[in-house]
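Let's take a friendly walk through a protein model together. Have a look at the sequence and the structure first.

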Amino acid sequence: MTHRCYDLAFFAALEAFEASAHHLCFERAACELGVTAEVIGRQIRIIEDELGAPLFSKATSGRVLTAAGRDLRSALARSFAGASDALTAIKHGNSRRASRPAQPASSRASS
């Protein structure tokens with residue numbers, strides 16, 4: 001079986017970015033996630049280094065999202081909302097997959 005590669009930055013970094021983009025404040029994002037603002041900053045830099053573009057810029061009122069930051073926030077919001085919807089559906093039995101027991105690999109091969 002091959003491992004699927006989605007070319008994503010670390011998931012923790014994406015979570016840190018999403019919280020930071022929501023609050024526009026590393027300190028509030030850190031509080032939400034139970035880490036320090038320094039950890040949030042390092043996670044953001046991981047993504048920025050991967051993308052080669054800044055996600056935030058500093059303004060007199062605090063941080064603002066750059067165009068790249070707005071694009072990433074929008075994409076993550078859609079992805080996280082879709083994952084949340086799927087998990088809720090499965091949890092409440094509203095999914096075709098949730099209502100069917102999984103077949104062991106050996107029985108699928110013989111079907």
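We will start with the cysteines and then turn to one helix.

First, some ground rules: this is a predicted model, where local features need pLDDT of at least 70, side-chain atom pairs count only at pLDDT 80 or more, and totals for chains, interfaces and linings use all residues. Residues are numbered from 1 along each chain as its sequence is written, and side-chain values use heavy atoms, with hydrogens and water left out.

How many disulfides does a search of the whole structure find? A disulfide is a pair of cysteine sulfur atoms within 2.5 Å, and the search finds zero. For Cys 25, the nearest cysteine sulfur is that of Cys 31, 9.7 Å away. Cys 31 is likewise in no disulfide. Their surroundings can be described too, using relative accessible area (buried is under 20%, exposed over 50%, partly exposed in between, with a 1.4 Å probe and protein chains only). Cys 25 is buried at 14%, whereas Cys 31 is exposed at 65%.

Now find helix 2, residues 26-33. Helices (H or I, at least four residues) and strands (E, at least two) are DSSP runs, numbered from the N terminus. Phe 26, Ala 29 and Ala 30 are buried in helix 2. These three lie on the same side of helix 2 because they cover an arc of only 100° around the axis, taken from the directions from the helix axis to the C-beta atoms. The face turned away from that buried side carries the exposed residues Glu 27, Arg 28 and Cys 31.

What covers the buried residues of helix 2? The cover includes helix 1 (11-23), helix 3 (37-51), strand 1 (56-59) and strand 2 (62-65), where contact means heavy atoms within 4.5 Å. Finally, Gly 34 follows helix 2, and its phi is positive, near 75°.
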